[in-house]
Amino acid sequence: PGSFTGVRIGLTTVKALMEARELPAVGVSTLAAVAFSRPEPTLAAMDGGRSEVYWGEYPAGVEGVEKTSEFAVRLGRWRGAAVTPDAALAATLPQLQAVDPRLAASVGHLGRRIYLRGELGPTAEAALRLDARYYGARWNVG
């Protein structure tokens, strides 16, 4: 999750660097960054707007989007840490622990871990096929 324009500009910059320098890329989920470095199974959540919540279960890696009321039921059954960088969401759902919303260090550590494991993303020849994944997008294609 992130601002539409910000994600597009960032992805375009990455694609240009990949193509010009023939570098690989590593993708890191924002929700994975929120849950990063927690020792127990963690449910990470972010406000999706329009009464929706983006969520991910880690280490399982399952992600989804649900209405806040549906997510509250899931959260009530969750047995582990439950975190969010959104203070307003933590206030709405008190089972969620608010965590620091500054995720750059977690994204860097997680990206390095993925890189060192050899789970690289596309190489330069595939750079033009990269696209951002958006949950909750509300437009028609075609």
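User: Where is Ser 51 placed in this protein?
Analyst: Ser 51 is in the loop between β1 and β2. Bear in mind that this is a predicted model.

User: Is Ser 51 buried or exposed, and what makes you say so?
Analyst: Its relative accessible area is 53%. The cut-off for exposed is over 50%, so Ser 51 counts as exposed.

User: What about Arg 50: buried or exposed?
Analyst: Arg 50 comes out at 58% relative accessible area. That is over 50%, so Arg 50 is called exposed. Arg 50 sits in the loop between β1 (42-49) and β2 (52-58).

User: What makes β1 and β2 a strand pair?
Analyst: The criterion is at least two bridges. Seven bridges join β1 to β2, so they pair, and they run antiparallel.

User: What is the sense of the pairing between β1 and β4?
Analyst: Parallel, with β4 covering residues 81-84. There are three bridges there, and the requirement is at least two, so this also counts as a pair. Thr 42 has Ala 81 as its bridge partner in β4.

User: Is Thr 42 buried or exposed, and how do you know?
Analyst: Thr 42 belongs to strand β1, and its relative accessible area is 1%. Buried means under 20%, so Thr 42 is buried. Not counting residues up to four places away in sequence, Thr 42 touches Ala 35, Gly 56, Glu 57, Tyr 58, Trp 78, Ala 81 and Val 83.

User: What lies 2.9 Å from a polar atom of the Thr 42 side chain, and why call that a polar contact?
Analyst: The backbone oxygen of Glu 40 does.

User: Why is β1 described as largely enclosed?
Analyst: Six of its eight residues are buried, so the rest of the structure largely encloses β1.

User: Which residues have the most contacts inside the largest nonpolar core?
Analyst: Leu 31, Val 34, Ala 44, Tyr 58, Val 83 and Leu 110, in a core of 15 residues. At least two residues of this core come from each of α2 (30-35), β1, β2 and α5 (104-116). The biggest contributor is α2, with five residues.

User: Which residues does Tyr 58 touch, leaving out those up to four places away in sequence?
Analyst: Among them are Ser 29, Leu 31, Ala 32, Ala 35, Pro 41, Ala 44 and Glu 63.

User: Which residues are included in the second core?
Analyst: Val 53, Trp 55, Leu 75 and Ala 82 are included in that separate core of eleven residues. As a general point, nonpolar side chains tend to be buried together in soluble globular proteins.

User: What is the order of elements, zooming out?
Analyst: From the N terminus on, they run α-α-β-β-β-α-β-α-β-α. That is five helices and five strands. Of the 142 residues, 33% are buried. Among contacts between residues at least 6 apart in sequence, 56% join residues at least 24 apart.

Technical notes. Residues are numbered from 1 along each chain as its sequence is written. This is a predicted model: local features need pLDDT of at least 70, side-chain atom pairs count only at pLDDT 80 or more; totals for chains, interfaces and linings use all residues. Side-chain values use heavy atoms; hydrogens and water are left out. Helices (H or I, at least four residues) and strands (E, at least two) are DSSP runs, numbered from the N terminus. Buried means under 20% relative accessible area, exposed over 50%, partly exposed in between (1.4 Å probe, protein chains only). Contact means heavy atoms within 4.5 Å. A nonpolar core is a set of buried Ala, Val, Leu, Ile, Met, Phe, Trp, Tyr and Cys residues joined through side-chain atoms within 4.5 Å. A polar contact is a pair of N or O atoms within 3.5 Å; within protein, one must be able to donate a hydrogen and the other to accept it, and residues adjacent in sequence count only if both atoms are side-chain atoms.
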